[in-house]
Structures are given as structure tokens and as C-alpha cells.
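Q: Got a new structure open here. Can you walk me through it?
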Amino acid sequence: MDERDVDEFDCAWRKYEPLTSSVRRLVDLTIRSEADERAVAAAEKLIDAATRLLSRRTLPGSYGIPRTADGRAMPWGNAAIGLRNPIAPPLVLHRAPDDSMWCVADLGAAYEGPPGCVHGGVSALVLDQLLGAVAQRPGEPAVTGTLTVRYLRPVPLGRIRGEASVRSHEGVKTFASGRIVVAGQPAVLADGVFIRPGSRS
């Protein structure tokens with residue numbers, strides 16, 4: 001696996017996070033803008049110019065998950081938490097003292113399904129990432145085996161909270177549950193089985 005210098009983590013964060021945030025704002029405005037035709041054409045030229053600048057040097061494929069010398073993962077192309085992925089909300093995951101996990105995300109126009117509401121697939125993405133994270137053990141990433149999602153009520157666009165915890169372990173399998181909470185009420189529930197391919201248990 002690609003290993004990066006420890007300092008590169010912080011340097012890359014400072015370098016690319018502002019760019020990703022700008023593109024994320026651009027995506028939102030591409031959806032919501034009511035600018036006139038002349039302004040749209042001018043914006044298109046500026047975007048094309050920026051694209052040419054960024055394409056001067058690129059990776060041959062996807063970003064992958066390089067690590068720093070001290071073991072920190074850099075999953076920055078990830079669709080849910082990727083620092084360099086403007087499609088990602090992004091989710092920032094937190095681990096509680098009891099080993100459960102939670103996240104808060106602001107989901108705007110780019111994540112719409114039904115009018116004014118979060119797309120059901122985006123809710124599933126949030127829960128898949130969160131449950132997969134809580135199912136991991138140090139040095140043992142967990143991949144999704146099954147994920148069952150139940151939609152109790154629409155999730156309005158805006159700030160959401162995700163919560164997840166482990167129910168049990170069985171060999172290389174971890175069983176986890178989670179939910180998306182809106183205004184203190186559960187809106188989407190998920191149960192998943194996650195596999196740790198490198199586990200010896």
C-alpha cells in the first residue's frame with residue numbers, strides 16, 4: 001500500500017480541502033443558480049479553464065487509500081468521507097466513549113430525491129459508511145456483507161445526524177445497527193453485516 005510522509009497528511013489537507021469546498025459550492029450553485037445566459041456562459045468558460053489547469057498532472061486511476069508513515073489512512077476519494085471528493089457531503093465520523101459512532105452532515109440541493117428531501121440512496125450511503133466504520137477493529141477494515149435499510153419518514157434537506165453501534169461479533173462478521181435522526185426522531189434505520197477479510201478471529 002502506498003505510504004506517505006507524515007507531514008504530507010497536513011500539507012495535503014491544507015492544499016486540497018479549500019479546492020474541494022469550492023467545487024462543492026459550485027455543484028450546489030449549478031443546481032440552484034438562476035443567473036442569465038451570459039453569466040452562465042462566462043462561468044462555463046472559467047470552469048473549463050480551471051479544469052485544464054487541474055488536468056495538467058493527474059493520477060492514472062482512482063485515489064485509493066494511501067497511508068502516512070504513522071498509519072493514518074487517507075481515503076480522500078471516498079464518496080462519503082473523501083476530503084478531495086466534492087460529491088462527498090462530507091461525513092466527519094466521531095467515536096463515543098462506549099465505542100458507538102456518530103456523525104453530523106449538512107445535505108443540500110446536490111443530495112435531493114423527493115422535493116426538499118434527501119435521496120434514499122444518499123441516506124443508505126451515510127449509514128453504510130457509518131456502520132462500516134463502527135464495525136472496524138484496529139488494523140482490520142470491515143466491508144459490507146449485507147445492509148438492510150428501512151425508511152420511516154422523509155429526511156428533509158439540511159442537517160442530519162447519524163448514529164451507529166455494534167450489536168455482536170461472530171468470527172469475521174460484525175453485526176451493526178444505525179439510524180439517521182432528524183429533529184430528535186429516527187427517520188431511517190439500518191442493520192448490516194460487515195466482514196473483516198483480514199481477521200483471524
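Q: What order do the six strands of the open sheet come in?
A: This is a predicted model. The order is S3-S4-S6-S7-S8-S5, with antiparallel pairing.

Q: Which strands stand at the edges?
A: S3 and S5 (143-151) do. Each has a single partner strand, so one side of each lacks a neighbour in the sheet.

Q: And what does the twist average from one strand to the next?
A: It averages 20°.

Q: How many bridges pair S6 with S7?
A: Nine, in the antiparallel sense. S6 covers residues 158-170 and S7 covers residues 173-182. Glu163 stands opposite Arg179 in S7.

Q: Which strands does helix H3 lie across?
A: S3, S4 (101-107), S5, S6, S7 and S8 (185-195). H3, residues 120-135, runs at about 50° to S8.

Q: Switching topic. How many aromatic pairs does a search of the whole structure find?
A: One. The rings of Trp13 and Trp76 have centres 6.2 Å apart and planes at 70°, so they pair edge-to-face.

Q: Where do those two sit in the chain?
A: Trp13 is in helix H1 (residues 6-32). Trp76 is in the loop between S2 (67-68) and S3 (92-95).

Q: Is Trp76 buried or exposed?
A: Buried, at 4% relative accessible area. Trp13 counts as partly exposed, at 42%.

Q: What sits over the ring of Tyr16?
A: The charged end of Arg84, 3.5 Å from the ring centre.

Q: Last one: which residues does the UniProt "domain: Thioesterase" annotation cover?
A: Residues 116-168, according to an unreviewed entry. That span is 30% helix and 38% strand.

Conventions: Residues are numbered from 1 along each chain as its sequence is written. This is a predicted model: local features need pLDDT of at least 70, side-chain atom pairs count only at pLDDT 80 or more; totals for chains, interfaces and linings use all residues. Side-chain values use heavy atoms; hydrogens and water are left out. Rings of Phe, Tyr and Trp (its six-membered ring) pair if their centres lie within 6.5 Å; planes under 30 degrees apart count as stacked, over 60 as edge-to-face and the rest as tilted. Helices (H or I, at least four residues) and strands (E, at least two) are DSSP runs, numbered from the N terminus. Buried means under 20% relative accessible area, exposed over 50%, partly exposed in between (1.4 Å probe, protein chains only). A charge sits over a ring if NZ of Lys or CZ of Arg is within 6 Å of the ring centre and within 35 degrees of the ring normal. UniProt positions are given in the numbering used here, feature names are shortened, and annotations may be inferred rather than shown by experiment. Two strands pair if DSSP finds at least two bridges between them. Axes are lines fitted to C-alpha atoms, for helices over the stretch in contact, and angles run from 0 to 180 degrees between N-to-C directions. Contact means heavy atoms within 4.5 Å.
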